[in-house]
Amino acid sequence: MSKDPLHPVKPANQRGAARLAAVQALYQMDIGGTGVLEVVAEYEQHRLGQELDGDTYLKADPSWFRSIVSGVVRDQQKIDPLVRASLQEGWPLSRLDSTLRAILRAGTFEVLERKDVPIPVIVTEYVEIAQAFFDGEEPKIVNAVLDRIAKQIRAEKK
């Protein structure tokens with residue numbers, strides 16, 4: 001991350017960093033059973049744009065991060081059935097890797113709620129996050145599932 005005033009971190013990059021942090025926070029909540037307020041506070045105070053255990057976290061848009069994490073928690077009863085219906089037949093959500101589940105939930109939340117962000121941007125961002133965590137088929141799964149959900153949502157709006 002550059003602290004050079006001539007090359008500031010662009011807002012889009014801060015959104016991307018917020019998406020990545022949101023996926024990490026959702027994963028942490030899923031694995032550890034941590035509550036949303038506790039996780040959001042931890043990330044905002046100790047992770048976003050900070051150095052922790054030798055890792056430097058990118059400067060992230062805190063309101064974008066907060067909206068994804070709290071939105072996924074708030075809308076999980078709406079999000080999970082959409083994700084489940086978009087997976088291959090016979091694949092329960094519980095069978096997915098926790099990180100992949102967090103990516104799909106966050107991406108689905110944005111498809112549903114962030115009408116101001118083009119669908120291809122959302123899908124690309126979450127596919128890139130999947131590529132950061134996985135070498136296998138997972139990025140393709142993210143692409144296919146979010147694309148199916150986006151087409152279904154758009155079809156319902158017509």
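Helices α4 (76–86) and α5 (residues 98–113) pack with their axes 10 Å apart, at an angle of about 105 degrees. The axes are lines fitted to C-alpha atoms, for helices over the stretch in contact, and angles run from 0 to 180 degrees between N-to-C directions. This is a predicted model, in which local features need pLDDT of at least 70 and side-chain atom pairs count only at pLDDT 80 or more, while totals for chains, interfaces and linings use all residues. Residues are numbered from 1 along each chain as its sequence is written, and side-chain values use heavy atoms, with hydrogens and water left out.

- From α4, the contact (heavy atoms within 4.5 Å) involves Gln76, Lys78, Ile79, Asp80, Leu82 and Val83.
- From α5, Leu104, Arg105, Thr108, Phe109, Leu112 and Glu113 take part.
- Helices here are DSSP runs (H or I, at least four residues), numbered from the N terminus.

**Aspartate 75, between α3 and α4**
- You will find aspartate 75 in the loop between α3 (62–74) and α4 (76–86).
- Aspartate 75 counts as buried because its relative accessibility is 10%; buried means under 20% relative accessible area, exposed over 50%, and partly exposed in between (1.4 Å probe, protein chains only).
- Its side chain is joined to that of arginine 74 by a polar contact of 2.9 Å.
- A polar contact is a pair of N or O atoms within 3.5 Å; within protein, one must be able to donate a hydrogen and the other to accept it, and residues adjacent in sequence count only if both atoms are side-chain atoms.

**Arginine 101, in α5**
- Arginine 101 sits in helix α5 and is buried, at 10% relative accessible area.
- Its side chain makes polar contacts with the side chains of aspartate 30 (2.6 Å) and serine 98 (3.1 Å).
- Setting aside neighbours within four places in sequence, arginine 101 is in contact with Asp30, Leu93, Ser94 and Leu96.

- The 15 residues of α6 (residues 119–133) should span 21 Å at 1.5 Å a residue, and the end C-alpha atoms are 22 Å apart, which agrees; the expected span is 1.5 Å times one less than the number of residues.
- Ile119, Ile122, Val123, Tyr126, Val127, Ile129 and Ala130 are the buried residues of α6.
- They lie on the same side of α6 because they cover an arc of only 155 degrees around the axis, taken from the directions from the helix axis to the C-beta atoms.
- Pro120 and Ala132 are exposed on the other side of α6.

Notes. Helices (H or I, at least four residues) and strands (E, at least two) are DSSP runs, numbered from the N terminus.
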